[in-house]
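This briefing walks through the structure shown below, grouped by topic. Please keep the model open while reading.

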Amino acid sequence: MTIQVFGHKSPDTDSTGSAIIWAWYLNEVKGEAATPVLLGAPNTEAAFMLQRWGFEQPAIIADVEADAPVVIVDTNNPAELPASINSADIRAIIDHHKLVGGLETKGPIDITVRPLACTATIMHDLMGTDADRMPDDIKGAALTCILSDTLEFRSPTTTPHDRAVAEKLAKDLGLDVTDYAAEMFAAKSDVSAFSDAELIRMDSKEYEVDGTKFRVSVLETTAPEIPLGRKDSLMETFKAVQAEDGVDQVLLFVVDILKEEATLLVPNDLVKSVAEKSFDASVEGDLVVLPGVMSRKKQIIPNLKV
């Protein structure tokens, strides 16, 4: 059976690109039939990557069949995976997030979880010298993933190794990192075609703190005035998203890539309390600016307090 390679729900650039990269590696290097799939529509930056490097959008699946062979990338959290994931034949996990627990496999598998900013960096390492065999489109996907997850090396998750791999890929492709990142971030910032609910779920993870279930959403942009101009309707839509997704509260952080800060929307006293306890912030009104906060994985999720 063909191995399905996929990342998390609400697929971002790394989740989308890493599925494509590893499916290429399995097919072309390991000789194993594999195909990338998605667990939802890709965000605007991921869609840019697909178009820029000539990929067809992978098929979107709702669930997996029992005993279907799969490789999981860019997550190890069952809440971000298909409902039937534990009935599938999980062959490998490649990730850069903390271990969550709850996945069950049919037998021993290859698991690689490393403290790097991007799954694509880990894949580049796992390939070893075979990484030199990557065609330009796969190198382009890997470069896009790394620049996305590191916010062009601005994110505190960035390691020197992520940067070195990205710079090597850019050199191989004859690209200027700054110019290419600007193209990516412009695509990411164009959210005019999306509904409020789509924006909230576009780059979002579920996380529970002391019994309170949060949907922690991040919008990374070079034009924060666009989503912030919709703050009233976004906060009103929080209620519907909470009801539909079975969470207690939405936390939406608009990350200004250039200013290196996040703005948290504050619709009620619960979020105000979370902001004050989690980020030592003083909240007045329905917005609070959090200087230096750019990473959900390193700065937001670990600090959340209710």
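A residue is called buried when its relative accessible area is under 20%, exposed when it is over 50%, and partly exposed in between, using a 1.4 Å probe and protein chains only. The model is predicted, with local features needing pLDDT of at least 70 and side-chain atom pairs counting only at pLDDT 80 or more, while totals for chains, interfaces and linings use all residues. Residues are numbered from 1 along each chain as its sequence is written, and side-chain values use heavy atoms, with hydrogens and water left out. Helices (H or I, at least four residues) and strands (E, at least two) are DSSP runs, numbered from the N terminus.

**Threonine 212**

- Threonine 212, found in strand 8, counts as buried because its relative accessible area is 14%.
- Leaving aside neighbours within four places in sequence, threonine 212 is in contact (heavy atoms within 4.5 Å) with Tyr207, Asp248 and Val306.
- The C-alpha atoms of threonine 212 and valine 306 are separated by 7.7 Å, although the two residues are 94 residues apart along the chain.

**Nonpolar cores**

- A nonpolar core is a set of buried Ala, Val, Leu, Ile, Met, Phe, Trp, Tyr and Cys residues joined through side-chain atoms within 4.5 Å.
- The largest such core holds 73 residues, and the members that touch the most others are Val5, Trp22, Leu251, Phe253, Leu264 and Leu304.
- Helix 1 (residues 13–28) provides the largest share of this core, with 8 residues.
- Leucine 304 touches Tyr207, Val209, Val216, Leu251, Val274, Ser278 and Phe279, when residues up to four places away in sequence are not counted.
- As general background, nonpolar side chains tend to be buried together in soluble globular proteins.

**Pockets**

- On a 1 Å grid over the protein atoms alone, a cavity is a set of points where a 1.4 Å probe fits but cannot get out, whereas a pocket is an open set with protein on both sides within 12 Å along at least five of seven lines, and lining residues have an atom within 4 Å of a point.
- Grid points are joined across faces, edges and corners, and a volume is the space filled by probe spheres set on the points.
- The largest pocket has a volume of about 750 Å³, and of the 43 residues that line it, His97, Asp203, Lys205, Arg296 and Lys297 are the closest to its centre.
- At least two residues of the lining of the largest pocket come from each of helix 2 (44–52), helix 4, helix 6 (177–189), strand 7 (204–209), strand 8 (212–221) and helix 11 (296–300).
- For the class counts, Ala, Val, Leu, Ile, Met, Phe, Trp, Tyr, Cys and Pro are nonpolar, Asp, Glu, Lys and Arg are charged, and the others, Gly among them, are polar; the lining of the largest pocket then has 13 nonpolar, 15 polar and 15 charged residues.
- Helix 1, strand 5 (89–95) and strand 6 (110–113) are the elements that give two or more residues to the lining of the second largest pocket, with strand 5 giving the most, 4 residues.
- By class, the lining of the second largest pocket divides into 10 nonpolar, 1 polar and 4 charged residues.

**Cavity**

- The count comes to 1 cavity of 30 Å³ or more, and the largest cavity has a volume of about 30 Å³.
- The largest cavity is lined by Ile21, Ala120, Met123, His124, Met127, Met134, Ala142, Val165 and Leu169, which divide into 8 nonpolar, 1 polar and no charged residues.
- Helix 3 (119–127) and helix 5 each supply at least two of the residues lining the largest cavity, and helix 3 gives the most, with 4 residues.

- The 15 residues of helix 4 (residues 136–150) should span 21 Å at 1.5 Å a residue, and the end C-alpha atoms are 21 Å apart, which agrees; the expected span is 1.5 Å times one less than the number of residues.
- Helix 4 is mostly covered, with 13 of its 15 residues buried.
- Most residues other than glycine have a negative phi.
- Just after helix 4, leucine 151 takes a positive phi of about 50 degrees.
- Glutamate 152, in the loop between helix 4 and helix 5 (160–173), has a positive phi of about 55 degrees although it is not a glycine, and glutamate 152 is buried, with a relative accessible area of 14%.
- Aspartate 280, in the loop between helix 10 (269–279) and strand 11 (287–291), also has a positive phi, near 50 degrees, but counts as exposed at 73% relative accessibility.
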